[in-house]
Amino acid sequence: MRIALLGYGKMGKTIEQIALQRGHTIVIKANHNDNYDITQADIAIDFSIPSAAFKNISHSLTHNIPVISGTTGWLKDYDKAVALCEAKNGAFIYASNFSLGVNIFFELNTNLAKMMNTLKQYKVSIEEIHHTQKLDAPSGTAITLANDIISVHSNYNSWQLNKETDNAIQILAKREEDVPGTHTINYNSDIDTINIKHVAHNRQGFALGAVVAAEWLLGKTGIFTMKDVLNIG
Ligand SMILES: NC(=O)C1=CN([C@@H]2O[C@H](COP(=O)(O)OP(=O)(O)OC[C@H]3O[C@@H](n4cnc5c(N)ncnc54)[C@H](OP(=O)(O)O)[C@@H]3O)[C@@H](O)[C@H]2O)C=CC1
Ligand SMILES: O=C(O)C1=N[C@H](C(=O)O)C[C@H](O)C1
């Protein structure tokens, strides 16, 4: 595949390594203010910044180029991206987290939340820890985890950043040097605590998942998620 990397930062560079190992070619490496001809590519992979993601995605879809986006913090425009993809009969995948491990963790989180729905003495909270350059908080992954709990647990109808309220899931966002991404779900009662945790050791899992998703998407039309790609859940 000829791949356009829209965002050539930490993730763009890791994706490049894995894509080359898997026999693909990188035809575009675009950062801020770079001009590029998207029609050179078979597929675009956007790992940029929150304020640029929707523009990158819509530019690709407008030119009939399938697009994968892993950028977080732009989801207010997600429905517009879906509408454009449908209008163009294009192909699009967004995932807050492309790693196989986190997608298994998403399933564990939903199953645990279903079980906890009948055990109201436990109060849930989510903690995420990321590197200090991260622009958005909470992480996209923490938002997915919170929304998945809300969809099956009748005590919760929203989430709140760094704040504890009755019917909102508290998400604590911490920033520490060089942490690729750690997410913990805590269920706390007066008697005990149950937690599940995912720790990324590096960015390889995110990047491999994005390349696998791009390989899977090529030749398809529609709006998909990593559940479709990995056939889990
Ligand atoms: N879904 C997932 O699995 C994962 C998602 N992420 C997300 O991916 C995004 C990128 O992360 P990361 O690589 O660590 O961040 P970096 O800051 O290392 O890279 C972001 C890159 O985007 C570039 N950029 C800025 N504006 C544009 C633009 N208009 N078009 C294209 N590129 C642009 C920046 O270039 P410049 O320096 O010129 O501004 C920079 O090189 C984040 O939103 C992060 O949360 C990260 C890991 C996994
Ligand atoms: O910015 C990051 O680094 C990461 N961002 C994603 C998120 O916001 O969930 C995924 C991963 O945790 C790394």
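Modeller: Gladly! Let's begin with one pair of residues: S125 has Q170 in β8 as its bridge partner. This is a predicted model, in which local features need pLDDT of at least 70, side-chain atom pairs count only at pLDDT 80 or more, and totals for chains, interfaces and linings use all residues. Residues are numbered from 1 along each chain as its sequence is written, with chains lettered from A and ligands numbered from 1 in the order in which they are written.

Biologist: How do you know that β6 and β8 pair?

Modeller: Strands pair if DSSP finds at least two bridges between them. Strand β6 (residues 123-130) and strand β8 (residues 168-175) have six bridges, in the parallel sense, so by that rule they pair.

Biologist: What makes β7 and β10 edge strands?

Modeller: The open sheet runs β7-β8-β6-β9-β10, with mixed pairing. β7 (158-161) and β10 (193-199) each have a single partner strand, so one side of each lacks a neighbour in the sheet.

Biologist: Why is α1 called oblique to α6?

Modeller: Helix α1 (residues 10-21) and helix α6 (residues 204-217) pack at about 60°, with axes 9 Å apart. Angles under 35 degrees count as roughly parallel, over 145 as roughly antiparallel, 65 to 115 as roughly perpendicular and the rest as oblique. That makes α1 oblique to α6.

Biologist: Which residues of α1 make the contact?

Modeller: M11, T14, I15, I18 and A19 (contact means C-beta atoms, placed from the backbone, within 7 Å) do so on the α1 side.

Note on methods
Axes are lines fitted to C-alpha atoms, for helices over the stretch in contact, and angles run from 0 to 180 degrees between N-to-C directions. Helices (H or I, at least four residues) and strands (E, at least two) are DSSP runs, numbered from the N terminus. Two residues are in contact if their C-beta atoms, placed from the backbone, lie within 7 Å.
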